Each structure stands twice: as structure tokens, then as C-alpha cells.
Amino acid sequence: MNKPNQKLELSRTVEAFAGALNAADATSLQSFFTGDGKFMPEGKETIETKQLETSGVNYLNTNSFQIEYEVLDISIDDNFASVMAIGKTSEKRQGEDVKTTKTSRDFFVFKKVDEAWKIHRYIFNNVSLA
């Protein structure tokens with residue numbers, strides 16, 4: 001597969017990951033990550049792939065969460081790729097009337113597993129709150 005097609009595939013994977021989060025589909029989150037993947041959210045403990053479903057259910061069931069990524073850069077080196085993006089999120093916690101919006105810098109490291117790009121490492125940091 002040539003690099004433009006791989007970049008499109010990576011962008012679509014990021015978009016599908018956002019779709020799973022927006023749909024509160026915690027059971028599918030593990031399928032986006034490598035078996036030894038790590039999610040490193042700002043201000044929280046690192047979450048291993050095997051913990052994603054439980055953590056996701058707990059978080060997504062108590063928050064009305066929506067995210068949209070704007071992919072800024074994709075770099076591919078054989079079986080690894082990095083994606084830099086800006087995340088725009090809105091979140092409303094259960095039982096609260098206030099909606100919080102955030103903008104974050106998001107960095108994904110992807111690894112090719114069985115011809116599919118999987119998230120190997122994902123880290124973000126919030127750059128603004130509204």
C-alpha cells in the first residue's frame with residue numbers, strides 16, 4: 001500500500017476511534033489498540049489495552065462525551081506511524097448542568113498489526129478549556 005493510501009487509512013482509523021467514543025461504545029475501544037497498547041490521558045494513570053473496556057464503560061456511562069479530531073500531520077516509517085491532531089471535546093457529567101469544552105493536542109503512535117493500523121500509544125494534553 002502506498003503512503004497516501006496509508007495516510008487515508010490512518011485518518012479513517014482516528015475518525016472511527018472518535019466515532020466509538022462519541023457512541024459510548026466502550027466494548028469496541030480495545031479493537032483500536034495493539035495488544036500491548038497504552039492510553040495516557042492527561043492527569044490520569046496510564047491505561048493498558050486490557051483495561052480500556054472497563055475504564056471506558058465507567059467514563060462514558062457517567063459523561064456525555066463528544067470528540068472530533070483534526071489531523072495535522074501523519075508520518076509513516078515501515079510498520080509504525082505517528083499522527084498529530086487537535087481534539088475538540090465537549091463533556092457533560094451525569095447530574096450536572098454544565099457542559100465543558102476543551103481543545104487538546106493529541107499524539108497517536110500506530111503499529112501495523114495483521115495489515116491494519118492499531119493504536120500503540122495515545123497521549124494528549126489539554127491546551128484550553130472553555
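Predicted model: local features only at pLDDT ≥ 70, side-chain atom pairs only at ≥ 80, totals over all residues.

Student: Where is the place of Phe 107?

Tutor: Phe 107 is in strand S5.

Student: And what is the relative accessible area of Phe 107?

Tutor: The value is 34%, so Phe 107 is partly exposed.

Student: New topic. How many salt bridges does the structure hold?

Tutor: Two. Side chains of opposite charge can pair when their charged atoms come close.

Student: OK, what does Lys 38 form a salt bridge with?

Tutor: With Glu 48. The closest N and O atoms are 2.9 Å apart. Lys 38 sits in strand S1 and Glu 48 in strand S2, which covers residues 47–48. The two are 10 residues apart, and the pair links distant parts of the chain.

Student: Buried or exposed, or something in between, for Lys 38?

Tutor: In between. Lys 38 has 23% relative accessibility, so it counts as partly exposed. Glu 48 is partly exposed too, at 26%.

Student: What about Glu 91, which residue does it form a salt bridge with?

Tutor: Glu 91 pairs with Lys 102. Here the closest N and O atoms are 4.0 Å apart. Glu 91 lies in strand S4 and Lys 102 in strand S5, so the pair ties together parts that are 11 residues apart in sequence.

Student: Why does Glu 91 count as buried?

Tutor: Because its relative accessibility is 9%, and buried means under 20%. Lys 102 comes out at 23%, so that residue counts as partly exposed.

Student: How many residues line the largest pocket, and which lie nearest its centre?

Tutor: The lining has 26 residues. Nearest the centre are Phe 39, Pro 41, Tyr 59, Phe 65 and Phe 124. Elements that give two or more residues to the lining include helix H1 (3–22), helix H2 (52–62) and strand S6 (116–129).

Student: Which element gives the largest share of the lining?

Tutor: H2, with five residues.

Student: Last one. How do the lining residues divide into nonpolar, polar and charged?

Tutor: There are 15 nonpolar, five polar and six charged residues in the lining of the largest pocket.

Methods:
Residues numbered from 1 in each chain as written. Heavy atoms only, no water. 1 Å grid on protein atoms, 1.4 Å probe; cavity = no way out; pocket = protein on both sides within 12 Å on 5 of 7 lines; lining within 4 Å. Helix = DSSP H or I, 4+ residues; strand = E, 2+ residues; numbered from the N terminus. Nonpolar A, V, L, I, M, F, W, Y, C, P; charged D, E, K, R; others polar. Buried < 20%, exposed > 50% of the residue type's maximum accessible area, 1.4 Å probe, protein only. Salt bridge = Lys/Arg side-chain N within 4 Å of Asp/Glu carboxyl O.
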